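The following dialogue is a tutorial on reading the features of a structure. Please examine the sequence and the model before going on.

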Amino acid sequence: MKTIGRVRTQASEEDIKRGRSSIVSKIVVDRRYVDGLRGLDGYSHIYVIYWMHRRAGRRAELLVRPRGRADLPEVGVFATRSPSRPNPIALTVVELLKIDGNVLKVRGLDALDMSPVLDIKPYDYYDVIQGIRVPGWFERIWAERRD
């Protein structure tokens, strides 16, 4: 895989845990990929696929408690959004605020500063799914959410 850019943000891991929805970050795309951004400004939201570089090399737990909460059942890592994964790859839908040359300004990114960006894709009507099903423990988290 090739890194196409890096995340630049002042947000700490704690800031992100408290609520990523208001965090504004920048994605600095390598200039050799700038032509690939043409037309992206027509979208309100994009997918950002990035490498959780601070997690690389850590042992991934296959059974986790969602959000690290002891009051929730232990489930498989693939049933959660836990950062403890066999491959520390992350996917986030963010609001695209602005593109200035090779710099994308986005809101809602849960990546740490200098995280390598692997890909960017537009979020469109194909990605909107109605009537999804989630487990009860996730319903509890969703009802308690702050962001």
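**Reading strands, core and pocket**

Q: In which strand is Lys 105 found?

A: Lys 105 is found in strand β7. Helices (H or I, at least four residues) and strands (E, at least two) are DSSP runs, numbered from the N terminus. This is a predicted model, in which local features need pLDDT of at least 70 and side-chain atom pairs count only at pLDDT 80 or more, while totals for chains, interfaces and linings use all residues. Residues are numbered from 1 along each chain as its sequence is written, and side-chain values use heavy atoms, with hydrogens and water left out.

Q: Is Lys 105 buried, partly exposed or exposed?

A: Buried means under 20% relative accessible area, exposed over 50%, and partly exposed in between (1.4 Å probe, protein chains only). Lys 105 has a relative accessible area of 36%, so Lys 105 is partly exposed.

Q: Which residues does Lys 105 touch, not counting residues up to four places away in sequence?

A: A contact means heavy atoms within 4.5 Å. With residues up to four places away in sequence not counted, Lys 105 touches Val 24, Ser 25, Glu 95, Leu 96, Leu 97 and Lys 98. The C-alpha atoms of Lys 105 and Ile 27 are separated by 6.5 Å, although these residues lie 78 residues apart along the chain.

Q: Which strands are joined to β2 by bridges?

A: Two strands pair if DSSP finds at least two bridges between them. Strand β7 (residues 103–107) is joined to β2 by 5 bridges, and the two run antiparallel; in β7, Val 103 is the bridge partner of Val 28. Strand β1 (residues 5–8) also runs antiparallel to β2, with 4 bridges. Here Arg 6 stands opposite Val 28, and Arg 8 stands opposite Lys 26.

Q: Which residues form the covered face of β2, and which the uncovered one?

A: In strand β2 (residues 24–29), Ser 25, Ile 27 and Val 29 make up the covered face, whereas Val 24, Lys 26 and Val 28 make up the uncovered one.

Q: Which residues touch the most other members of the largest nonpolar core?

A: In soluble globular proteins, nonpolar side chains tend to be buried together. A nonpolar core is a set of buried Ala, Val, Leu, Ile, Met, Phe, Trp, Tyr and Cys residues joined through side-chain atoms within 4.5 Å. The largest one has 19 residues, of which Ile 27, Ile 46, Val 48, Leu 104, Val 106, Leu 109 and Ile 120 touch the most other members. At least two residues of this core come from each of β2, β3 (45–51), β6 (89–100), β7 and β8 (116–122).

Q: Where is Ser 115 placed, and is Ser 115 buried or exposed?

A: Ser 115 lies in the loop between β7 and β8. Its relative accessibility is 2%, so Ser 115 counts as buried. Beyond its neighbours within four places in sequence, Ser 115 is in contact with Gly 5, Arg 6, Val 7, Tyr 50, Trp 51 and His 53. Gly 5 is also the bridge partner of Val 117 in β8.

Q: Which residue classes line the largest pocket?

A: For these classes, Ala, Val, Leu, Ile, Met, Phe, Trp, Tyr, Cys and Pro count as nonpolar, Asp, Glu, Lys and Arg as charged, and the others, Gly among them, as polar. The lining of the largest pocket has 23 nonpolar, 7 polar and 18 charged residues. A pocket, on a 1 Å grid over the protein atoms alone, is an open set of points where a 1.4 Å probe fits, with protein on both sides within 12 Å along at least five of seven lines; lining residues have an atom within 4 Å of a point.
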